Amino acid sequence: MSAPNIETIVSLAKRRGFVFPSSEIYGGLGSAWDYGPLGVELCNNVKQAWWRWMVYERDDMEGIDSSIILNRSVWKYSGHEDTFSDPLVDCRNCKSRLRYDKLEASETATSVSGTAASSTQRGGLKCPNCGSTDLTEPRPFNLMFRTTIGATAEDDDPTALAYLRPETAQGIFINFLSVLTTSRRKLPFGIAQIGKSFRNEVTPGNFIFRTREFEQMEMEYFVRPGEDEQIHQEWIDSCFTWFANLGVSQENLRLYEQPKEELAHYAKRTVDILYRFFPERDDEEKQWDELMGIANRTDFDLRAHSKKPEDAEGKRLNPDSTEDLSYFDEATKERFYPYVIEPAAGVNRTVLAILMDAYSEKVTDKGEKRVILKLHPQLAPIKAAILPLARNKPEIVGMAKAVKRSLQPVLRAVYDDTGGIGKLYARQDEIGTPFCITVDHQSLEDEAVTVRDRDTWEQERIKVEDLHQYLQARLQAPAPKD
Ligand code: GAP
């Protein structure tokens, strides 16, 4: 099973310290969330799993970490200054600001025709907050957060204007030449980056699904034109498999081919991986939303940031760039702009999908409901909890703490003696700890401990000297699913 809705995860996340509403002591900040002790571990594990898969396990990949604030020209030539906007409408009745493309038609309203009617009237659209159809005409709202650079800059000084990056991708394109020359790479190869991005979303919401500050895991894979279509398809397949290998049920994943009218200005083809984020919705089609996008960006970005390309009159298209980001192919003696395949995922949406998918409930013999988070062991915030069976016995406590210390250099282990064993097990099950290790009276004699499996609740007796190796082997194995 998976979580019945996002609300179930919001409540678990707050109760157990995965995610808290940000700035809560000052009344909060809309759609901003802070990651608590378990949340930061889960995010780090997701990012490490992605980096290991994307960079370490391949022969054709480099990583970078570029600045969040870049030269304004980057966003001018990437097209973001002109086109990175959502269509915004105001509700004249309740003053809500709404995304035009997400509005639904009123069930009662009949659409109004004629040139005097606004496009919202013509579509019979209604405000989701008050139901009014009295909406303004849509206008573009640029999603980039603005800031000014320098202590002396006035707020409205255009020469000091800068943006917080809305995607990590552009940091990769502008470093293409530096990475190419320093790493001596040949096509095809990729550059990966993980980092924060910022978008002044018109309608953020659904917990960590859509926020104004979020983290992305993006990779730009540079290929020869002509090889792009096949390599694009290979990345679509392998990204889908990556989520499945992390334990996400395939029945909650699906592919979505973006139609031509939805494609970004730079894309030749984009396929999204959708997750069933809204299983509670009656309409099956509305249960799904984007987890990741895999785009064929063609040579748009490298061309756009290059000094060389000219228009029909011989005028440079980019008079500000000092470099040409083309590639010289030694084999064919040809120079060209590589095409780019871009798998782009959100860390936060991945965390949400993983939490929803891992959520399960089990009823004990006594009829009590227990929540078990069946996280892939590699993603679990805590790998092992060491629990002494008698907290008033110094020898048992001492041995349990020694076991914890022996494990902690290589895996995240915790010690807990703040409750009865049943309660301690339940606490660890709910946060997804794959192994509970109990130290009892017998342990003092046979130097062995009991290892309890989170998913089966089965117990095994393991010698302390073998424990590390035993856990490492079990942590590599995929988590069983119902
Ligand atoms: N460079 C391409 C790009 O940024 P995108 O589809 O806009 O493409 C990629 O973003 C991924 O980033 C999305 O699939 C989603 O997982 C995540 N993402 C985008 N906007 C987000 C937001 N406001 N809040 C949380 N995650 C977001």
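The exercises below look at salt bridges in one predicted model.

Local features here need pLDDT of at least 70 and side-chain atom pairs count only at pLDDT 80 or more, while totals for chains, interfaces and linings use all residues. Residues are numbered from 1 along each chain as its sequence is written, and side-chain values use heavy atoms, with hydrogens and water left out.

**Exercise 1.** Find how R92 and D134 meet, and work out why the pair ties together parts of the chain.

*Solution.* Begin with the definition: a salt bridge is a side-chain nitrogen of Lys or Arg within 4 Å of a carboxyl oxygen of Asp or Glu. The side chains of R92 and D134 form such a bridge, at 2.9 Å from N to O. Next, locate both residues: R92 lies in the loop between β4 (85-90) and β5 (97-99), and D134 in the loop between β7 (125-126) and β8 (139-142), so the bridge ties together parts 42 residues apart in sequence. Here strands are DSSP runs (E, at least two residues) and helices are runs of H or I (at least four), numbered from the N terminus.

**Exercise 2.** Decide whether K268 and D228 are buried or partly exposed, and describe their contact.

*Solution.* First, recall that buried means under 20% relative accessible area, exposed over 50%, and partly exposed in between (1.4 Å probe, protein chains only). K268, at 34%, is therefore partly exposed, whereas D228, at 2%, is buried. Finally, their side chains meet in a salt bridge of 2.7 Å, N to O, which links K268 in the loop between β13 (253-257) and β14 (269-275) with D228 in helix α8 (residues 228-245), 40 residues apart.
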